[in-house]
Amino acid sequence: MTGVTGVFALEARQLTKRYSQTVLAVDHLDLAVQKGEIFGLLGPNGAGKTTTGGMLTTRIVPTSGNAFIGGIDVVAHPAEAKREIGVVPQTNTLDRSLSVEQNLYFHGRYFGYSRNEAKTRASQLLEQFKLSERSSAPVAALSGGMAQRLMMARAVFHQPTVLILDEPTSGLDPQSRLAFWDVLRELHSSGQTVLLTTHYMEEADQLCERLAIMDHGRILAIGSPSELKSGIKSGSILTVEVSGEVLGLTEQLRKELKDSSVDSVTASANGMVIIGDEASKLISPVVRIAEASGHSVLNLKVEEPSLETVFISLTGRELRE
Amino acid sequence: MTMTATDRASIRAAHVSKWAYSKVIFALLSRDVAVLKKNLKFFLIRVIMQPLLFVFVFTYVFPKIGQGVGGSGAKASEFSTLLVAGVVGISIIFQAVQAVALPLVQEFGYTKEIEDRALAPVPIWGLALEKILSGAIQSLLAAIVVFPIVLLIPATPVHLHFDWPVLLTIVPLSAVLSGALGLTIGTLIPPNQVPLIFAIIVLPITFLGAVYYPWAALTPIEWLKIAVLINPLIYINEGLRAALTHGVPHMALGYVYLALVAFTLVLLVVSTKGLRRRIVS
């Protein structure tokens, strides 16, 4: 436990999880989340976000590396580390044998609250998360949004150092998602540190002060959403869908567009991704060159800088594939 | 020298862990008790039905209709008496297995409800111990509920001689063993194979567990007499016979205690490992 300064609420050093010779789920991840910060892990499904979350919440034992939460070594002292984290998992893990209120009350008891303290805090949280009216309902009777709020209330009950949310809005309707964002902002304004994993670019952009873009178990870029967006050298991205084999065409485009402020031309699943200063000015030359070499252009899209384009420029792939 | 946050955190961790685990385990147990209270009706039906029918048919109906299963007259009375230990023993082992193994199937199911408990600030062994104790408590309750049934229902008199020191050690030990057996089964059997619990574990354990006959009565089938020694229910029932009856043969108490302790220790280790494997990857 040497060298932990206590500045960070959460710190991962060279955190690695290897499942087999070929599957490296998380690859030497370095991460530091400051106190009071909402930090996002953004990446497509399978990027290693959930495995990272699993290691930070003691459910997955890292192959190598360390993680500290509130200064406590998660691998060496898992039971103590669990006091420092509040977890909202992807699935509904509420205790189905208990009522809404009992879910909070017993959570408090597990975390050392006396009977009276647990009762008081439970009713206060039911109020805060707008669940008072359902306090004696069985949890199976809750809607998705309500179950989500109850899991949030459970996670913050014991005032954890870090609140860890794994894809918290993936099963929610748009309205519940917006309501959930409000709840999160409120918690943030009260000083709660949050680590959020998501594959919704908009969620990361709206909520996170800083975020790390992950793919294939590695962090590709780290920074605030605006830093990341201004970090792409070029202004915009042109994605082109064409018929036929594209490798020759990308080579040809690279040559012919060399002088037109194009930063990169890469082949993608069914076409190409072209990054340049003003991609809209590239439309006609790209179409001309493609058609001249016997391809038909099937689809064409210009995107202004967003976290999506940051991801594309980093990986050559779209976030939601 | 100033203290860093890490020093403070490790001091706090060390201070917290020493006795806080038992508090967490107690809180988890109180959750199980709350659930049990809520479902008390169903618990009682589950506990009473099997022994009630069993005792009713074997020791009331059969003697009345002259069916020869338990013999007649003094023989029948002897059968009622030896059945007491068997029926209480079955209830102890069966209720603990049900109380621990079946809820685990839901908890390990697709929602991974187990995480609600797994995130409580206690090591995995603490969680395992809690589940075992919870099963043990429910099997003790089952034994207490069943006892009057086996005394009052038989048509022929039941002759009991209580050996309290033996009873008060055999019963709790059997209950803990059964809880650990329940946790072992619950962590070994995949959720979609629950009916297997009954087919390959519960039925052989009960039919070959010296319920309807004392172990010594197996002497004519020597290989079976030896083979059933891998069945923990044998020792529970033989121990209960020693604690409750005179004149019914039972295995020497030394062997009974030795086997019960050995089974309990092995199952504690196996079930804790099983739970760890299911929760941590």
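1. Let's start with how β3(A) sits beside its neighbours. Strand β3(A) and strand β8 (residues 193-198) of chain A run parallel and are joined by 5 bridges. Here strands are DSSP runs of E with at least two residues, helices are runs of H or I with at least four residues, and both are numbered from the N terminus. Two strands count as paired if DSSP finds at least two bridges between them. Look for A:I38, which stands opposite A:V194 in β8(A). With strand β9 (residues 210-215) of chain A, β3(A) also pairs in the parallel sense, over 4 bridges. There, A:L42 has A:I213 of β9(A) as its bridge partner.

2. A quick word on what you're looking at. This is a predicted model, where local features need pLDDT of at least 70 and side-chain atom pairs count only at pLDDT 80 or more, while totals for chains, interfaces and linings use all residues. Residues are numbered from 1 along each chain as its sequence is written, chains are lettered from A and ligands numbered from 1 in the order in which they are written, and side-chain values use heavy atoms, with hydrogens and water left out.

3. Back to β3(A), residues 38-42: how many of its residues are buried? The count is 5 of 5. Buried means under 20% relative accessible area, with exposed being over 50% and partly exposed in between (1.4 Å probe, protein chains only). A:I38, A:G40 and A:L42 point one way, A:F39 and A:L41 the other. In a regular strand the side chains alternate between the two faces of the sheet.

4. Now zoom out to the sheet. Its 6 strands follow the order β6-β7-β8-β3-β9-β10 (chain A), and this open sheet has mixed pairing. β6 (85-88) and β10 (218-223) of chain A are at the edges with a single partner strand each, so one side of each has no neighbour in the sheet. From one strand to the next, the twist averages 15°. At the β6(A) end, 4 bridges link β6(A) to strand β7 (residues 162-166) of chain A in parallel, with A:I85 partnered by A:V162 in β7(A).

5. Helices cover parts of this sheet. α6(A) lies across β3, β7 and β8 of chain A, at about 165° to β7(A). Helix α11 (residues 307-315) of chain A lies across β3, β9 and β10 of chain A, at about 40° to β9(A). Angles run from 0 to 180 degrees between N-to-C directions, and axes are lines fitted to C-alpha atoms, for helices over the stretch in contact.

6. How do α5 and α6 of chain A meet? The axes of helix α5 (residues 144-156) and helix α6 (residues 174-189) of chain A come within 10 Å and cross at roughly 15°. The two are therefore roughly parallel (under 35 degrees; over 145 is roughly antiparallel, 65 to 115 roughly perpendicular, the rest oblique). Among the residues that meet are A:M152 in α5(A) and A:F180 in α6(A); contact means heavy atoms within 4.5 Å.
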